[in-house]
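Dear colleague,

Please find below the structure for your review. My notes on the cavity search and the ligand site follow it.

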Amino acid sequence: MFDELINTPIVQINDTIIDRSGVQLFIKREDLTDTYISGNKFRKLKYNLLNAKAGGYTTLLTFGGAFSNHIHAVAYAGFKFGFKTIGIIRGEEVLPLNPTLEDAAAFGMEFQYISRESYRHKKNPAFIDKLRDDLGAFYLIPEGGSNTLAVKGCAEILIGIEKDFDHICCACGTGGTIAGLIASMAGKKKVWGFPALKNGAFLKNDIAALLHGYASEPYQNWDLVIDYHFGGYARYTYELVSFINRFKKAHKIQLDPIYTGKLMFGIYQLIANGFFVSGSKILAIHTGGFQGIKGFNQRFGDLIK
Ligand SMILES: *Cc1c(COP(=O)(O)O)cnc(C)c1O
């Protein structure tokens with residue numbers, strides 16, 4: 001199923017702001033892992049899919065919001081690798097389906113819509129048992145795909161790179177990706193997470209728990225930069241949108257408005273403010289997320305070019 005370890009390219013970004021501050025900025029193009037399951041979602045699913053297959057499971061079940069990159073990725077993975085998929089979607093059904101769910105349905109995913117209230121029980125064993133009673137056997141992938149096997153997959157993002165970067169930066173949702181990066185750096189240098197949601201405090205505990213499940217040591221060389229969520233998930237400003245559009249024009253790299261756009265905006269601002277000392281080498285992880293652009297543009301009016 002996954003015979004080769006995918007190693008995505010690293011590119012350097014040159015810009016006046018960056019050059020002026022004396023730092024070097026690189027992007028690891030994880031958005032190039034796979035056309036459909038882009039970026040970190042590919043890394044997070046890899047060992048879960050292998051585990052599901054080895055366990056003889058034929059159905060994957062997972063949780064997500066209606067615009068979730070993770071829902072989209074699981075639906076496609078099921079289609080590609082021969083699993084039935086069930087998506088437990090937060091909130092009521094909205095028709096016509098948004099572009100994310102439309103794709104997921106085309107990949108064969110079945111949806112169960114549950115109230116925001118019920119959705120809060122997504123980690124509750126009794127709730128999961130009830131789902132098994134109702135829907136039959138399934139391999140459970142948690143919301144956002146973040147579990148120990150996801151951390152193992154995300155640790156592979158940094159395999160094979162020269163680890164002479166001083167700062168590794170990534171966008172955070174549920175924290176599995178950064179946990180993998182921290183494990184991979186094994187106590188060296190500094191890893192920074194930029195939450196896309198306003199949940200910085202909870203997220204720190206979640207990351208520590210995910211790390212504890214996988215890494216041999218409770219590494220401390222990481223922190224969250226909580227100033228660049230722009231109000232929360234799918235919230236934005238015109239400043240953010242124009243940054244994303246300018247970045248694409250200048251560097252021929254698409255960013256998404258939910259995660260990677262906020263990450264790069266934050267990195268640029270930190271660089272401009274002199275947060276990284278002159279001479280630093282910064283590596284930003286481009287975690288993909290392009291499937292969300294269509295739905296974002298449909299909701300907010302073709303903002304991302
Ligand atoms: C899901 C996602 C993230 C967040 O990853 P976590 O492991 O949940 O923290 C970041 N960037 C993109 C593009 C994503 O789709």
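The lining of the largest cavity comprises four nonpolar, two polar and one charged residues (Ala, Val, Leu, Ile, Met, Phe, Trp, Tyr, Cys and Pro count as nonpolar, Asp, Glu, Lys and Arg as charged, the others, Gly among them, as polar). These residues are Phe-67, Asn-69, Tyr-233, Ile-258, Gly-292, Phe-296 and Arg-299. A cavity here is a set of points on a 1 Å grid over the protein atoms alone where a 1.4 Å probe fits but cannot get out, and lining residues have an atom within 4 Å of a point. Helix H12 (residues 291-300) contributes most to this lining, with three residues.

The model is predicted: local features need pLDDT of at least 70, side-chain atom pairs count only at pLDDT 80 or more, and totals for chains, interfaces and linings use all residues. Residues are numbered from 1 along each chain as its sequence is written, and side-chain values use heavy atoms, with hydrogens and water left out.

The side chain of Asn-40 places an N or O atom 3.0 Å from a ligand oxygen. For Gly-175, a polar backbone atom is 2.8 Å from an oxygen atom of the ligand, while a polar side-chain atom of Thr-177 lies 2.6 Å from a ligand oxygen.

With kind regards

Conventions
On a 1 Å grid over the protein atoms alone, a cavity is a set of points where a 1.4 Å probe fits but cannot get out, and a pocket is an open set with protein on both sides within 12 Å along at least five of seven lines; lining residues have an atom within 4 Å of a point. Helices (H or I, at least four residues) and strands (E, at least two) are DSSP runs, numbered from the N terminus. A polar contact is a pair of N or O atoms within 3.5 Å; within protein, one must be able to donate a hydrogen and the other to accept it, and residues adjacent in sequence count only if both atoms are side-chain atoms.
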